[in-house]
Amino acid sequence: MLDCKDTESTQGAVTMKAVIFDTDDHYRVAELDEPTPGPGQVAIRVAYAGIQWGDIMVRDGHFPVPRPFVPGFEASGHVVAVGAGIDARRVGEAVTALTTSGAYAEVVLAPATLTFGIGSMPLRAAAGLGWGAPTAYDLINTAAHVRPGESVLIHAAAGSVGTLAAQFARLAGAGRIVGVVGTADRAEYAAQFGYDRLLLREELPAKLGDEKPDVILDPVGGSTRTAGLEQLAAHGRLVAYGNLATYEPVLANANDLLMHGKSLLTYNSNLLSQTHPERLADSARRALGLVADGKVRTDITTEYALGDLAMAVQRLAEGTTHGKSILRVA
């Protein structure tokens, strides 16, 4: 994490522009010293940074992060320095990276394990991958283990994870993919990513009829999660990976699940990055490869300037954005 004490920079130190989230809960652009990579890290000169739900969780206090600090959890750019133990030949490499913080700055530190070469992929396009790409890949292939012919229901179908998950599900052989969204315009947007059917949240469960999904991806929580467990087919899997609606606990009766062979699973990419970063890295590389080969596409719909981060995060929180939003740093 970057030191954001609002003091004069050390004489002769190289400074950079960065967005800090201050003690008054406001974002502001500041001048900070450029960070130096430690063992196992690389320093990246950031071209673009991805905006994601984690920014909302930090802003709203769901992650207890000391303030002031530099937010931002995903970046694309070029490696400009490496720490101990890292091959110096990585300097100059075009990369996309998953970070613990600091991506909303001209230079960010990232674990070398979670920094991926992008070859000839444009930096702007690479910024659309972020945490969403390995998350969507793992939801389909690792957590839910979607099998050929199975049906998949995806909540938040117009978001960056949802649009990628629909494509990964199709590649995994899913026989039917249903998306759930909040508004008609989001349904219209999501339709371009291969869903067989799109429903409004208010239409569930009535419009689903007798349909019983084999897999449900649920970042919503609350009553949506409870209803999803009831809607699952026998031997179905519901994967919980967020709480967009509420943090209230959802209680499930293990005996009832057992009787119908249903499973309630969870997926936490942030935790995975700490406990088994190599697993997350493998999924990220697989997702990156599918995007590079043109089998899966990301969709960057909105680009913001460094000083517009507050507006960008608020729009994401309100659900008025589709696909992926990024911050232009360089």
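Author: Arg28 counts as partly exposed, with a relative accessibility of 31% (buried is under 20% relative accessible area, exposed over 50%, partly exposed in between, with a 1.4 Å probe and protein chains only). The model is predicted, so local features need pLDDT of at least 70 and side-chain atom pairs count only at pLDDT 80 or more, while totals for chains, interfaces and linings use all residues. Residues are numbered from 1 along each chain as its sequence is written, and side-chain values use heavy atoms, with hydrogens and water left out.

Reader: Which residue forms a salt bridge with Arg28?

Author: A salt bridge is a side-chain nitrogen of Lys or Arg within 4 Å of a carboxyl oxygen of Asp or Glu. For Arg28 the closest N and O atoms of the pair are 2.6 Å apart. The partner counts as buried, at 12% relative accessibility, and is Asp22.

Reader: Is Glu150 buried or exposed?

Author: Glu150 forms a salt bridge with Arg147, with 3.5 Å between the closest N and O atoms, and Arg147 is partly exposed at 46%. Glu150 has a relative accessibility of 11%, so this residue counts as buried.

Reader: How many residues apart are Arg237 and Glu150?

Author: Their side chains meet in a salt bridge of 2.8 Å, N to O. Arg237 lies in strand 12 (residues 237-240) and Glu150 in the loop between helix 3 (132-143) and strand 8 (151-155); helices (H or I, at least four residues) and strands (E, at least two) are DSSP runs, numbered from the N terminus. The pair links distant parts of the chain, and the separation is 87 residues.

Reader: What is the volume of the largest cavity?

Author: A cavity is a set of points on a 1 Å grid over the protein atoms alone where a 1.4 Å probe fits but cannot get out, and lining residues have an atom within 4 Å of a point. Grid points are joined across faces, edges and corners, and a volume is the space filled by probe spheres set on the points. The search of the whole structure finds three cavities of 30 Å³ or more, and the largest has a volume of about 80 Å³.

Reader: Which element gives the most to the lining of the largest cavity?

Author: Strand 5 (94-98), helix 3 and helix 9 (277-292) each supply at least two residues. The most, three residues, come from strand 5.

Conventions
On a 1 Å grid over the protein atoms alone, a cavity is a set of points where a 1.4 Å probe fits but cannot get out, and a pocket is an open set with protein on both sides within 12 Å along at least five of seven lines; lining residues have an atom within 4 Å of a point.
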